[in-house]
Amino acid sequence: MGKVILSIDCGTQSLRAILFSLKGELIDIHKINYVPYISRRPGYAEQDPEIYWGSLKEACLVLKEKNPENFGRIIGVGVTSLRDSMVNVDRKGKALRPLIVWLDQRKAKQVYFPSRIMRFFLKVVRMEEVLHKMQKEGKCNWIKQNQPGIWNNTYKYLQTSGYLNFHLTGQFAESVASQIGHIPFDYKRQRYSRSWSSFNFGHRIFPIEQEKLPDLVLPGKIIGGITEQAHTLTGIPVGVPVIACGSDKGCETIGMGVVDTSMGSLSFGTTATIQTTTKKYMEPMRFMPSYPAVVPGHYNPEIEIFRGYWMITWFKDEFAHKEVEEAEKKGIPTEEALNRLLRHSPPGAMGLVVQPYWSPGLKEPSAKGAIIGFGDVHKKAHVYRAVIEGLSFGLLDGMHKIEKRGGFKFHKLAVSGGASQSDEICQISADVFNLPIVRGKTWETSGLGAAIITAVGTGEYPSVEMAVENMVHYDKVFEPNQDHVLTYSHLYHRVYKKMYKALAPLYKEVREITGYPE
């Protein structure tokens with residue numbers, strides 16, 4: 001047996017400790033499930049950060065018990081985690097309050113009051129409402145306004161991965177590629193925002209004191225070694241280096257082999273995304289930054305659909321009780337029963353088209369979801385297919401934005417995330433995009449991405465590209481069905497692309513009348 005990489009993938013609903021070989025083979029995995037958040041008040045989403053650390057400890061000890069020899073061969077550890085989920089800690093790394101999860105909907109008061117000239121400029125470039133919304137969503141602002149004592153006692157304000165890195169190494173340090181969220185970060189220069197930068201608003205709308213932020217480490221560099229205490233609690237050998245990795249989406253992209261703009265990475269997760277890896281900084285939408293990639297000095301331009309493939313859960317909970325019951329009786333996953341709905345409905349869902357804005361985005365603050373085209377022929381299967389097709393249309397729209405802004409064209413796409421386990425969903429996506437879609441041999445693509453960066457950081461491969469070539473393997477290719485491509489092309493260009501413009505005034509009226517979305 002050879003050398004082994006330990007990846008820690010901490011997500012919203014579970015933590016996975018995974019052992020990978022240097023060939024990208026998944027040796028073993030242990031998963032700990034937990035409730036995604038606790039809501040003490042409507043709209044709140046908080047988690048005890050000890051849940052994450054406790055799950056890491058338990059998962060590692062189980063893996064060690066099952067694989068004592070492989071555990072002794074660990075040469076590096078990489079941590080990847082959910083994005084924009086922050087915790088306040090004291091000098092000893094103890095949490096001062098529950099961690100606020102990215103799903104949290106509480107709102108802060110305005111902290112940045114631009115001058116009249118700046119307000120005019122922001123209105124002209126259509127960024128006034130976006131900046132106003134972003135600072136209200138900054139949980140650092142809410143804590144400072146509502147829990148000033150906690151903020152004053154905060155030594156560091158950390159991402160989830162930074163919190164876990166500290167417990168493993170004793171260092172308040174974090175990867176540059178994990179700095180995604182409501183923090184003062186200059187995405188183009190990949191460093192914290194500077195107060196003298198006129199057109200970077202990070203420090204204005206998220207005024208976090210510099211000393212409360214962790215040290216930044218380039219992805220692939222060593223954060224620190226496993227401490228004696230961490231060894232006792234996890235079983236990981238003392239001194240094993242912990243390598244700076246990146247966010248779950250960024251690691252997922254590398255774990256699917258997307259190292260340049262010839263490929264795009266589709267993530268069929270709770271938040272549906274399309275992103276790629278570029279050396280040149282670009283804004284996929286005007287004034288919306290590219291995120292730092294786990295490939296040092298590179299960027300991940302991304303378009304996301306909030307509550308994306310969560311819509312499958314929504315559909316299952318609201319309309320698929322029969323399929324859930326049937327799946328339980330037959331002992332099969334509910335998703336397999338839902339796949340049959342896709343097989344029993346035609347491309348185009350008999351004229352139903354979905355606009356998947358179940359949650360509004362920053363650029364569409366008034367947006368709501370819509371389903372058009374209903375008739376008496378439509379059944380549950382048509383609605384489900386329309387939901388899946390609508391999500392694909394939304395991601396296709398995102399792909400076109402990225403390609404247009406970057407001046408390139410994707411030749412194929414890689415897919416990952418929970419919904420990618422469905423062959424039917426992958427095939428619909430290939431038909432909508434009219435591009436071949438590849439799916440990896442492992443579902444654990446975020447963990448694999450962290451393992452790739454860790455392998456580079458420990459010197460096992462000279463570059464990320466070389467590590468990807470040796471560690472990423474594909475399981476299946478979905479080629480577009482040309483009999484369906486034309487139908488989807490017409491629906492996308494002649495219907496879907498016109499829906500938001502036609503419905504936006506009505507969305508605005510609904511928002512003013514009902515107050516939703518806020």
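The accessible surface of the chain amounts to about 22,200 Å² (Shrake-Rupley method, 1.4 Å probe), and carbon and sulfur atoms contribute 53% of that area. The model is predicted, with pLDDT of at least 70 required for local features and 80 or more for side-chain atom pairs, while totals for chains, interfaces and linings use all residues. Residues are numbered from 1 along each chain as its sequence is written, and side-chain values use heavy atoms, without hydrogens and water.

Of the 518 residues, 58% are buried, that is, under 20% relative accessible area with a 1.4 Å probe and protein chains only. The chain holds 18 helices and 24 strands (DSSP runs of H or I with at least four residues, and of E with at least two). Its radius of gyration, taken over C-alpha atoms, is 23 Å, close to the 24 Å from the globule rule for 518 residues, so the chain is as compact as a globular protein of that length. The globule rule is 2.2 Å times the number of residues to the power 0.38. Along the principal axes, the C-alpha trace spans about 65 × 60 × 45 Å.

His 182 lies in the loop between β9 (173-175) and β10 (185-186). With a relative accessibility of 17%, His 182 counts as buried. Leaving out residues up to four places away in sequence, His 182 has contacts (heavy atoms within 4.5 Å) with Asp 84, Met 134, Glu 137, Gly 138, Cys 140 and Phe 206. The C-alpha atoms of His 182 and Asn 141 are 9.5 Å apart, at a sequence distance of 41 residues.

How values were computed:
Buried means under 20% relative accessible area, exposed over 50%, partly exposed in between (1.4 Å probe, protein chains only).
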